[in-house]
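Hi,

Here is the structure I promised to pass on. Have a look at it first, then read my notes below.

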Amino acid sequence: MKLYSGPLSLFARKIEIALGEKNLSFERIMAPFTQTEGYTPKLPEIMAANPKGQVPVLIDGDVTLYDSTVILEYLEDAYPDPPLYPKNASARARCRLLELYADEVMLVPLKALMHRSEPWDDAPRRSALEVKARDAETVLANQFARLDADLGEGAYFCGAFGAADIALFMSVHYAQRLGGPALGRTKRLADWYAALGARPAFKTVIDEIRTADRALSRQVPGAFKGLD
């Protein structure tokens with residue numbers, strides 16, 4: 001099994017966690033990345049496998065896949081133990097919706113923070129981006145409050161640990177690394193985040209992202225508020 005990943009790719013790192021949680025061995029090929037040029041040059045293997053030219057790309061024998069959701073669902077079908085989705089149809093659908101919420105709904109305000117890890121450019125442009133970032137932080141804080149309520153007294157979002165937890169964790173984690181809202185007002189979400197971060201598959205990815213940030217990113221003021 002091969003996984004084409006990226007040092008700061010939220011979605012590729014999500015798949016790395018899933019592979020770790022399923023105890024699956026894989027060869028990782030890291031696509032070259034810089035904050036100024038993005039993924040350049042594009043690896044020909046990725047371009048051949050994914051018309052969008054993006055990571056993650058998973059190759060498992062004669063199966064070649066892209067898109068983190070499709071890859072997660074394939075891994076569940078091909079390697080069902082340990083499971084990352086509930087067996088019950090309605091619970092499984094809820095788990096998929098939560099993953100979609102992380103990947104598509106939370107990604108919108110997250111994108112407004114991503115300039116913070118890039119090199120400094122002209123001050124007026126950065127000031128304009130920061131206005132949008134502050135609005136995005138408000139959106140993220142409201143999303144954290146919703147997740148805190150959805151979590152309730154449970155340890156995980158779908159009863160047992162699963163794909164929804166992985167996807168939501170990655171969105172919350174990227175909000176923290178980009179100086180987004182702290183988790184102090186959402187204690188249940190904060191406890192969930194800390195518990196997942198201590199799991200070996202998560203810890204490995206978190207440590208690698210931090211190492212990549214030190215090499216590739218501008219330091220973000222306010223990153224990981226109250227967590228370090």
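This is a predicted model: local features need pLDDT of at least 70, side-chain atom pairs count only at pLDDT 80 or more; totals for chains, interfaces and linings use all residues.

**What I found**

Residues are numbered from 1 along each chain as its sequence is written, and side-chain values use heavy atoms, leaving out hydrogens and water.

Strands β1 (residues 2-5) and β3 (residues 57-60) run antiparallel, joined by 3 bridges. (Strands are DSSP runs of E, at least two residues, and helices are runs of H or I, at least four, numbered from the N terminus; two strands pair if DSSP finds at least two bridges between them.)

The open sheet has 4 strands in the order β2-β1-β3-β4, with mixed pairing. β2 (27-30) and β4 (63-66) are at the edges with a single partner strand each, so one side of each has no neighbour in the sheet.

Now the cores, meaning sets of buried (under 20% relative accessible area, 1.4 Å probe, protein chains only) Ala, Val, Leu, Ile, Met, Phe, Trp, Tyr and Cys residues joined through side-chain atoms within 4.5 Å. The largest nonpolar core has 56 residues, and F169 and W192 are among those with the most contacts inside it. Helix α7 gives the most to this core, 10 residues.

Cheers

Conventions:
Buried means under 20% relative accessible area, exposed over 50%, partly exposed in between (1.4 Å probe, protein chains only).
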